[in-house]
Each structure stands twice: as structure tokens, then as C-alpha cells.
Amino acid sequence: MNDKKENSGFTSYLGEPQLENIALNDSQKTKFLDGETLVCEPQQVLMCNPLKEIQKIRGILTVTTFKLSFASAEDKDTANCYQQNYLLGINDICLSSIDCIYQLGERSKKKLVPGQSVSGKVKELLIVCKNMRYLEFSFKLSDKDSGKIIANALLHHTYPKRHQLLFAYEYKEPYINNTLLKEVTFFYKRQDWEKELQRTGCPGWRISQVNYNYQVSPLLVETIIVPKSVTDNIVKEAVEKFRNRFCPVWIWGTRNGAALVRMAELLPTITDRTEENKLLEHIRRSHPDMKPPFIIDLTSPSPKEIFSSYIRLRDLCTPESTRVFKNQDYKFYGLLDSTKWLNYVSICLFNAKLAAENISKENFTVVLQEGDGQDLNCLVASLTQILLDPHFRTKLGFQSLIQKDWIAMGHPFANRLGYIHSKEIEQSPVFLLFLDCVWQLLQQFPRAFELSETYLITLWDSVHISIFDTFLFNCQHQRIMASMGSNSHLALTLRSMWDWREQFSDRDISLFYNPLYDDSFKGILEPSVGISNLEIWGQCYFRWLSDLEIRRGGKPQIDLFARYLVQEILQMQLNRNDINGKMTGRVNKNKEEYMDLIKKVNSFFPFSQNNASVDTSINTVLLTRDTLDSQSLFNLSLNDDK
Amino acid sequence: MSRKSGSLELLEMDPNHFAKDSYRSETKSLNLGKAHHDSTNWGKTSPSKSYCSSSSTSTENVVISTLERNKVQVVSEGGTLNRPDDLPLLPGESVTGQARDVTYICPYHGPARGTLTITNYKLYFRSSDKDLSNIIDVPLGTVSRIEKVGGQSSRGENAYGIEIFCKDMRNLRFAHKQENHSRRTVFEKLQMYAFPFSFKLKPFAFQYQELFSENGWTVYEPIAELKRMGVNNDMWKITKINEHYSICDSYPAVWAIPAHATDEEIQIVCSFRSRARLPVLSWIHPESQATITRCAQPLVGVSGKRCREDEHYIQLIMDANAQSHKLIIMDARPTANAIANKAKGGGYESEDAYQNAELVFLDIPNIHVMRESLRKLKELCYPNIDETKWLSGLESTYWLKHIKCILAGAVRIVDKVENHKTSVLVHCSDGWDRTAQLTALSMLMLDPHYRTIKGFEILIEKEWLSFGHKFQQRVGHGDDHHSDADRSPVFLQFLDCIWQITQQFPNAFEFNEHFLITILDHLYSCRFGTFLCNSERERILEKIKETTVSLWSYTNSNLDSYRNPLYWANSKQERVLVPIASMRHIKLWKAYYDRWNPSMRIQDPVYLRIRELLKLKEQLENDAADYRKEQQQRMTRNNVNPT
């Protein structure tokens, strides 16, 4: 594209060295998806590492209808990069994963607000993403208006006001998948719910078709499971009384009759709780021992609280300079405390543990109740099921759980993930809080999960990619409408995110499996839920801070070793069952592959930015104290120093 | 060599005891997927039975303190040792006092009644309950303070008794019956054996008789270690000038100095350095010959005195490294403290006097700041944690910040030596606290030898013990001055830093966390002679080697329990480790600081699972070998009797 232009006519009057045009080979050029269109592509943009002032890469910055892409002649070969998404280049980010755009000045940082446009000169932009990735671009070498053009293009395309403006509607790539059924149960159909009721063997409940075709409410799941004693008419009357028409519905249960039930609060206009009590009485009757249900009220944290906690956490993970990094580091635990993030993780785990104990030890039916019934209810219900039911700790089970408790039950993903921007919409990473809780469980019970940390992180990255329908909608009804098309927009092709091959190679997908998994372990998980037993999810939140990457160290060393062990054990078992007892050379090959990786990889593997090249220099700037530090309290006792 | 004696000792020496249990579960699990663990037990990784006992007491031998080995045995072999009077004794240990009807006030599970026994080594409480869940077994060396609580007239339940404050992050409360001065004997014996020096007695290490198959006193041979680094060579020589500790009484008998330094020069340099601790060699880079040397502060004083010989001597150290024309002097102190020291005759090297030397201050606070920080940490962790204040409380102890600061200093040394091929001279004020932390840590980062079990023992022997870290003073062995200003957790900080590095490089170390905790437990226990006295000279005078057992005899006779299962994977590892000294990576070492709290998740489940997988692999390998053998035999038989 760019190599047609010659730079012979260019004269620099600015004292900058004369810049050659950037020549990219085919693998370095920005690639386009079918249906993706170019918005702008200024040259000679510098991508900076906020923590290494000298480190700058020159390249072409492109905004398309799908992504922001930076292409440079210095880009490394992607062959050595792991978890490299097919849909994006190394330095590409999907527009819907962008959260904030800042204009940087000498000493200032100004947030650019959607709906406005930038008129002045833009020297530098800082892009902060929802997955805590952040990128800094400088336009000091590029044409005069480049910064402004990019800023306005981003403001225009990153924050769509209507759902139909999302790239998913323009993406033309056809999609066929036959193998997906092995990956997930969608819970879109009645049969899926019937099977779940059968699988759990929970007595006392029945399928109700009262919301068939969404005739009662488009917000409510189409197939609902209610106590056997409740007639459809009772349900029809009852839904009117609840916020979002979310009357009590069954979500999971045990053979002993203890069920997990979710419901919203009664509408604020209703002061008489009779309707609610009637349904609770039916729930009591549905229990074989007629036990009254145990109700857990999930008012805290609210989506709003979660969002502001997340913002503070993100600030800790996206320092825009070494000075900020060091100041944060200096009082890190205090700052972490003030984010309240681990506090919220702790509350969610506590509630899930409480629910699980009441179900498993007391054989109570547990009813989770929350305002609209579609935020913390999703979170705590799914966590509870993970604690109780080993099925949900497998990959198939986990994906099905998300389909059931989040997607079918109508967690408003489009709003919460910030796909659509509007003043009325409340963005909040409730789902990230859930993933963090699951990660904490994975730390405490590594053998219990078929999934790896890498899977959980990749999942959070992928929910922001706007071509999959899975996390794109607020409810199932909205999905159906979108897939049918209308006068105003084309029919959207439904493309499930669980089809991981759309994004990743088999090699990368193999890293989704936890090598420590023990499939004979079926026990109930009893996590420690106090903050002192929780950890900050460093691999997820810090992986974009290259200075925090431990060279040839960190958890990947354990992970890869465990993978090697498991491979070797499987191989030996295979050999043993082999009648001839032939020892093949495959074991040793395997061993070498993993040993080779162990020697190469750094601590953010497989999310390291450049696995191939290891930065040997030590950033000593980060090792010294700054002025703030040396005036610290420690010097008070200087006369004691002997 | 190992002596045959009673069943207790045999039990204690049985290294397979713990392994048996896990093996049993292994045998059931030939399919990888079908591995062990009945579901009901799982999830109780935190100790479920012996909650209040003196160790982390899990049934897996992972982070259990070695001190408690006896007790774990007692619990598991309860059938034979069930009488309340039975208590495990070490060779040389004897009962000195006992009180019945004593109540142990467990901060986690309430009061438990039982018998309290004092020996010349430990305090031992066993509840009269059959379930044996309340066993307290604390070496008296661990005790820092004993207080009487309440008097004859005190009212209320459990108001009369003894409170014991320990150096290992816990306190113990015992309540006695108010009649007949029931606590008197126990209190007196506790005092006597916890603080033997105050009673003109010697620590238990001098009575301890156990024999081991390994002799830990031979682990460190100063000359052999210097030879390993290639000394003598053109630039460095071994000198025995201090053979009688007459030049410097806190230095070892043997050191390495620049080859061209004369004996006269050394005498003068010594007179210009605090406590005569002149710069000597700690480590040489095998390729670049850049060195790490250590010393005490120069005696510059307010007037800014100079010493030509000292300046020349420093020049010799610089010249010994042909790769660089610079020398970095890392002063571990905060700048202000270094300046303040001038008033007391000390100070730091001025860059005018020491040309080509670059002075860097590492801002590490002194021993008093560190002591206060640990006190706050103990307050935070023991007995119970207030979850709502956990993170802010951790912040306000500054403990992790200090750990980070020490690690950062060591990384800066590594950076200079490894990446800039420049020699580094390290000192603080006297060069036996912060200096030892920094040289030992940077050596461990630079040289994989020190990351093996025996190499680590050598590192401690060399940089800490032989170069006169004042263990006696810093720990306060056997004396009752619990508020002594010389006490400070300097060595604990060092092991904490090591633990932080093991977290960042899980397969770079031959040893595991259990090894570090064992060292810390015996830093206080006084069962071994290793950490007694303040210097090599004192140890010679006290005949420590001749009359006590080395901790390394004990550890090296039982190496398997200290091995890190991941170490093998890193046999071709990086030579140099560069940990990231950021608070975002520094964590609290819960398995040590929080180990008495049963609600803390202490065991590392990843580690346990890896061990299982390794066991399984080993078993499959054995099966395969057996199978091949069988095949071979069958073949031979077939050849003999062809059918």
C-alpha cells in the first residue's frame, strides 16, 4: 500500500531526520477481514512503551471498522507468539475492546469523550483497553493532522450508539460449524433444560412453557423450570410482580431435592410481599422434606460498585510513566486495598460457599435474590454450581454453565461489556469478577479444573471481540431478532465464541487444558474466602507491563513441567496397554519439546509479547527509589544507625 | 554411624514415613485420570486435626516444621505412645518439670486441659483428650519472653497462669490451678532452660547427643570454596593473616584479597575500616572476573579523613577486573544515615578520594526499623487476622517494602557484575547485617551452585557465619533480654528474600520451602550449634564444632524431604536469575508467618499435585522395567526349553 509513494519530494524543516517510508513485508502488513473497511492509516507513527521512554517503534497506524492496527517493519515473526488471535495482528486491538482514549500532553492527560470531536493538535494518544492492555502512540514524526484524524476516527467508531453499528453485522465471512455440540450446551432450547433437570435428578420441579415465544417477557428465558405445584397461570400472574419479570426459576439441584433458584426483587411499586411468599411456599412444597428455602440476598457489590472498583484496579495496572509505576509500587498493597476488588471477590466467594454449604450439608433449597436478578445472581449461581458439581469444572461444563447462567438467563452483556454507549447504559465487568473468582478457586484447587488460567484470561480477551454473538447481546430474544434481520439491518450470522478454532490454533487451544486436572476428583470445593487467602490475578492484569515479566521464570515453568509429566505418563500408560509393549521414541521427543520451551519462555507465557526475543537489560530505573521514597519514614531513626 | 536406640528415634529417622501414605494412594491410581483422593477428604488442605499443635501439621510432609516431627509420629503411631506421660525425647534431652491440670488457651479452638512438661530442650503440652489434637511442642530456644499472668487473688476462669512469647510469630497462654503455687516449678524451669545464659547454663545444643550419617561441620571448607572460584589466581590470593583472629576478630581465619596487597597495607586498611573489617572477596564471576567484595564503612569522620592505603587497596580491587575501569561501591544505607555516621567517626567513600569509584546508596533501613516492622507483622498475623484490614495492615507493617528494597539492592549488584562486568564493593555500617544480605543474595542470583541444598548451606556458612553476622546478638539465644536493641530479624529477612526468589523461579532451586522453614526453626531452637555465637572466633573458643551437632548434619541426612520436585526440569537453567523487585510480585510468606493459624491455606496444592504426578510416573517406569525383565526371563526360558 504504502510502498508506492516515494519520499524524494519530502524535505524536513523540523530538524527531524529524514524518514524513509516504512516498507512492510506481507506478514507485517495490516490484514483485513471480509467486510472490514479502512478508515484511516497515518504513517510514521511511533508506538511507545510507557515504562521505557527510549523504546519506540515506528510504523503505520490503521483504524478500520473492526480494529486499531499498528504495523511496523520491526514486528517479529508471529510464529513464535502464542495465543496469537487469527483475527488480529500482534499490535492490533478490536475497537470494542477499547475502553478509554486519552490525549497526552507534556504534563497532562485528558480523556476524550465519545460524542465530541477533537479540533486541536494531538501529539500523543494513550489507548486503554477493557482487558487492561494499554498502548501509547506518538505523532511527532507523522503528518500534521495524523493524531487528530486517528483520535476522531477512534471516537467515532469505538463507541457505537446502536447495536446494529457493531462490526458483527458487517462481517461477511460465512460460518458453518458441526463440531460445536461437543463443546457446549447452549440452553437455548427446551431439550437442553430437560436434560439438565434429568442430569441433576432433582425432584419436585417441572418445565413450564409459559414464556414460549417470549410471550410473557422477552427478558426472561424462554424455557423456565418451576415447582411442580405451580400452574402456568400462577406463573403468568407472578411475573408481573417482579423486576425484569424475573420470577423464581430453577437453575440446578440435587437428587435429594435441594435446588438452586434465582429470582429478582419485587417491583418497587409492590409493597405487599404476598406474591413472593406464595411462590416461596410452592418452592418449599417442591422439596421432598418440605424444607423452607434459604434465601440469600445479593445486594452487594452492585454493578456500579464493581465498575468503580475495576477502574481503580485498572489504574494500578496501566501506569502511564515510570514515575506513576514507582509511586504505585511504593504503596501497592494500600492501593490494592482501596480498589476493593479483592473485597468483592471475597464477598462473591463467601456467598457461593454459603449457598453450596446450605445445599450440600443442610439439604436446603437456596434462593438467590437480587435487584434485577441478572448480575450477581449470575455470578453467585454459577460459582455455587462450580463448587458443587464437578461437571461444571470441565471445559464443556464450564462453557455450558456460562451459556445457562449468564447468556440464557439474560446477563446484559451488551451493556455490561460496554459494546454500546449511552448515558442510560451501565457498563460493569461483572463477568471479569466471576472469572477472577474462578481463578481463585483454580489456585486453591488446581486438580479440580479441566481449564487452565490461560483459558480464563483468553476468555476475558475474547468477550470483547465483536464478531461473535455469544457475548454480544443483552438477552436471548435480542439475539434471535438480530439473526432474523429487519428493514434496518442485515441478518447477523450467529458465530459462537466457543468455537475456539475461529481464533486460535490447536497448539494454543491445547494450553486451555490444565495439566494438573484430576478427573477422578469429584468432591465439593470448600474454598478459603478471606482476603488474606486471595491473590491478585497478576497473569491477567499485569501481563501488559513488560517490566514485570520475569525472564525465564514464573508459573509457566511449573505449568510446562506438569504438561511434560502428564504427556509422559499418558504415553507410558498407552505403551503399557500396548500388547507388544513397544517403547516408542515419542516420549523422548515430547520431553525435549517441553524442555525446550521451559528454557525459553518468560513469566507471561503464553501472553508474552515477544517470546522469541528476550530483553536482557535490567530496567534499573524501577529499582531505585524516587524522591518520594527517600523522604520516607525509615529515615526517622537515622541516628540509630551504627 | 547412626546409633541404634529406642523406638522413638527410629521413628524419627524414618524418612519414608510420610511417603508411605501417599504411596498407598498412588498404588490405586494407575490411570492418570483415575488418581486417588477420596472426595470427602479433599478440600481440607488446611490442617483439620491437630489444629493447635505446634506445627502446620498436615499429614503431608511438605511445609511441616522439622521440630514437630516427633509429634506427628506420636499422632500417627498413637497406639503405642498413647499414655499421657509418654513424650518424645531427643538423645540428651530430659524432663525437668511437669504440671498436670494445665489449660492451654488455644486462640483458635478454645481452652484444652492437659499436662505441661518442660525438658531441657522443649515445652510440651498434651491435652488429656483422647484425640491428641492439642499437642504443643516448642523448643525453648524459640521463647523470647515468659510472663506470669494473674496472681493468687485473680478472679475468673483461666486468669492465673503463664504467657509465653515466641520468636517464631506466636504466643502461648497456659492457665494453672490457683492452689499451691501450681505454676511455680514450670515457670522456674521454663526460665532456666529458655534463658540458660541467665543461669550460667549452656544451651541445649551442648547436651544434644544425636548422631547422623552426615557430618555438617565439613560442608564448608573455606579454601575449597575459594578454589572453586579459581582463587588463587593472578589477581586474587588466599591469606591466613587472620589465622589467630588478631587482625579482625569478627572475620574468619581465611580470606581472599587482591594478589598485590601487602600485609603491611592490610594492617593499615584495617585501621581505616570500622571494626577492622576491610574489603575481602565474596565472589568472582567465572568469565569476566568481576568481583563482589564486602567490608565495613570507612572511618572518614566529620573531618573527611583519607587513607592512601585504603584508596590504593580499592584501586587493586578495581584493577583485578580487566573488563572495567570502574568500581561500584554499594552502600546499603539510606544516604542520610550514611551522612549521620560521619558524626560517629564513620561515613562513606568520597568520590574525590576514590577515583573511578561510583558510590550508590541502596536505602535499606537499619536493624531497628526492621525489628519494629516484624513486630507489626506479628501483630497483624497472630493470632487472628482481621480480613477487612488485611491489605492495609500489610502495607502499614512495611515488611514487604523492606523485602523489596533488599531484593532491589541485590538485583542492582547483579546488574553491575553480570551486565556491566564491573566489580562491586558492598558495605553498610559494620558490614555484617545488610552487607551479608546483599552479598549472599546477589551471589545466589549469579551462581547456580548456591541454589543447591549443599551450596546454600555453604553460602550461609560463608557469607553469614564466617563473616561474623552476630547471630547470638540478633537472635538473642538463651538470654532473657527480650527488648535488647541488638535483636533484629536480619537473617529471617534474608530467607524471606530467598523465598520470594523461589516464587519467581520455581525450578531454579534444589531445595523447597520446607528447607527454609527448617533452617528458621533451628535458627531459634538451639538444638544445633550452627547458629550459636557471634563469630568464627567465638565458635572456636566455645569448641562448637567439637561439642555440638551441626544443623547440616541433620538436613543432609534427610535430603529427600527438602528437595524441590521441579528442580530437575531446570538442569540446563539460566546461570543468572534476575527477580523482579516490584511490590506487584512480592508476597507475604504465609506458610511461614501465618502457619499457626488453621484457617490459613498453607499447603501449596500445585506442589502436592506435581509430587503425585511424579510418583505416578516413577511407578509406571518401574512397572515398565518389571515388564521388560519378565519378558526377558520368559525369552531366556523359552530359549532354554524350546517348545
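1. In this note, a residue counts as buried when its relative accessible area is under 20%, as exposed when that area is over 50%, and as partly exposed in between, using a 1.4 Å probe and protein chains only. By this rule A:K340 is partly exposed, with a relative accessible area of 40%. A:K340 lies in the loop between α7 and α8 (341-360) of chain A, where helices (H or I, at least four residues) and strands (E, at least two) are DSSP runs numbered from the N terminus. Although A:K340 is not a glycine, its phi is positive, at about 65 degrees.

2. The model is a predicted one, in which local features need pLDDT of at least 70 and side-chain atom pairs count only at pLDDT 80 or more, while totals for chains, interfaces and linings use all residues. Residues are numbered from 1 along each chain as its sequence is written, chains are lettered from A and ligands numbered from 1 in the order in which they are written, and side-chain values use heavy atoms, with hydrogens and water left out.

3. The interface of the two chains deserves attention. In chain A, 81 residues are in contact (heavy atoms within 4.5 Å) with 83 residues of chain B. The area buried between the chains is about 7,400 Å², and carbon and sulfur atoms give 59% of it; buried area is the accessible area (1.4 Å probe) that two parts lose on being put together, summed over both.

4. Across this interface the rule finds 6 salt bridges, a salt bridge being a side-chain nitrogen of Lys or Arg within 4 Å of a carboxyl oxygen of Asp or Glu. B:R609 forms a salt bridge with A:D518, and the closest N and O atoms are 3.9 Å apart. On the side of chain A that touches chain B, at least two residues each come from α6 (322-330), α7 (332-339), α12 (430-444), α17 (556-577) and α18 (586-600) of chain A. The most is given by α17(A), with 13 residues.

5. A UniProt record (unreviewed entry) places the feature "domain: Myotubularin phosphatase" at residues 187-541 of chain A; its positions are given in the numbering used here, feature names are shortened, and annotations may be inferred rather than shown by experiment. Over residues 187-541 chain A is 45% helix and 8% strand, with the end C-alpha atoms 31 Å apart.

6. A:Q374 sits in the loop between β15 (366-370) and α9 (376-388) of chain A. Because its relative accessibility is 5%, A:Q374 counts as buried. Not counting residues up to four places away in sequence, A:Q374 touches several residues, including A:L219, A:R262 and A:H411. A polar atom of the A:Q374 side chain lies 3.5 Å from the backbone oxygen of A:G410.

7. In chain B, B:I385 is placed in the loop between α9 (367-381) and α10 (390-397). With a relative accessible area of 15%, B:I385 is buried. Leaving aside neighbours within four places in sequence, the residues in contact with B:I385 include A:S532 and B:W390. B:P383 lies in the loop between α9 and α10 of chain B, and a cis peptide bond joins B:Y382 and B:P383, with omega about -5 degrees.

8. The peptide bond from B:V231 to B:N232 is cis, with omega near 5 degrees. B:N158 is a residue other than glycine with a positive phi, near 55 degrees. Most residues other than glycine have a negative phi, and most peptide bonds are trans.

Terms used: Polar contact = N/O pair within 3.5 Å; in protein donor to acceptor, adjacent residues only side chain to side chain.
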